[in-house]
Amino acid sequence: MSVRELVVLGTASQVPTRHRNHNGYLLRWDGHGILFDPGEGTQRQMLRAGVAAHDLNRICVTHFHGDHSLGLAGVIQRINLDQVPHQVTAHYPESGRHFFERLRYATAYRESVELTEALVARDGVLAVTGAFTLEARRLSHPVESFGYRLVEPDGRRLLPERLAAHGIKGPDVGRIQREGVLDGVTLDEVSEVRRGQRFAFVMDTRLCDGVHALAEGADMLVIESTFLDADVRLAEDHGHLTAGQAAAVARDAGVRHLVLTHFSQRYSDPSEFERQARAAGFEGELSIAQDLMRVPVPKR
């Protein structure tokens, strides 16, 4: 059964709290699993969320601050301990290669799994599969940082009234889908374009072109909102977004489901992030991320 959902493993920025682990997000995309930004404690959060090492096909790291990457050592060793039978690909900024190598070989263990390193050096396409294209865009943070975007290929949606008008029914429906034409009737005549789903992941950054490019038309946008709007100067100084800024990006990009996360430990009331996001004019689905929550990707 195909499942498309976000599993939130951690939501804290810089310092974990009693209720928030360091960052960690698993995107389940049908049979594919992409782990984003595994911070410290991710391996334990995976156990609590029912996520196995076998579920991972890719690891995407936005940048090498500890709250986004210190969990790599444990996750990589767990992948090897459990002898994951398929290749796992790690995407991360090229400038952080020495950090990745240190974390990958932080302690002694037996390597038994093919872990491919695919470095990110510029904006563009990172991987193309039959299910999606994975892209990266540069963000604005004190250290080099990239956001990620997953785009499903467009498909076709059959229109029952047009099929009926051409007398196409039963096995012939499947035939025209497979072959593209049936007795002179083309697939285009009895269907319409079904736009592929889009998922965007934006962590530590100021407002920049990359943020807007990643968010454009996303069905789900997972985006940092470290600060509340009153602390916008702090956000700018440290390379972060406020709740209102993140929501305005989602509003302007036509995002369907906005997931705010990466909250500073200075705030104790998460409802204020929701209030400020709504005040910024975002009217779509809105989730204030909590550890271990699951958020379905909106269906088309």
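This is a predicted model: local features need pLDDT of at least 70, side-chain atom pairs count only at pLDDT 80 or more; totals for chains, interfaces and linings use all residues.
Residues are numbered from 1 along each chain as its sequence is written, and side-chain values use heavy atoms, with hydrogens and water left out.

**Helix pairs**

Helices here are DSSP runs (H or I, at least four residues), numbered from the N terminus. Axes are lines fitted to C-alpha atoms over the stretch in contact, and angles run from 0 to 180 degrees between N-to-C directions.

| Pair | Angle | Axes |
|---|---|---|
| Helix 3 (residues 72-81) and helix 4 (residues 97-104) | about 55° | 8 Å apart |
| Helix 1 (residues 42-49) and helix 3 | about 60° | 8 Å apart |
| Helix 9 (residues 243-253) and helix 10 (residues 271-279) | roughly 45° | within 8 Å |

Let's start with helix 3 and helix 4. Their crossing is right-handed, meaning the near helix is turned clockwise from the far one by less than a right angle. Leu 72, Ala 73 and Ile 76 in helix 3 meet Phe 100, Leu 103 and Arg 104 in helix 4, with contact taken as heavy atoms within 4.5 Å. That makes five nonpolar residues, no polar ones and one charged. For these classes, Ala, Val, Leu, Ile, Met, Phe, Trp, Tyr, Cys and Pro are nonpolar, Asp, Glu, Lys and Arg are charged, and the others, Gly among them, are polar.

Helix 3 also packs with helix 1 at about 60°, so helix 1 is oblique to helix 3. Here Thr 42, Gln 43, Met 46 and Leu 47 of helix 1 touch Gly 74, Val 75 and Arg 78 of helix 3. This contact has three nonpolar, three polar and one charged residues.

Further along, helix 9 and helix 10 cross at roughly 45°, which makes helix 9 oblique to helix 10. The crossing is right-handed. Ala 243, Gly 244 and Ala 247 of helix 9 make the contact with Phe 273, Gln 276 and Ala 277 of helix 10.

Key:
Helices (H or I, at least four residues) and strands (E, at least two) are DSSP runs, numbered from the N terminus. Angles under 35 degrees count as roughly parallel, over 145 as roughly antiparallel, 65 to 115 as roughly perpendicular and the rest as oblique.
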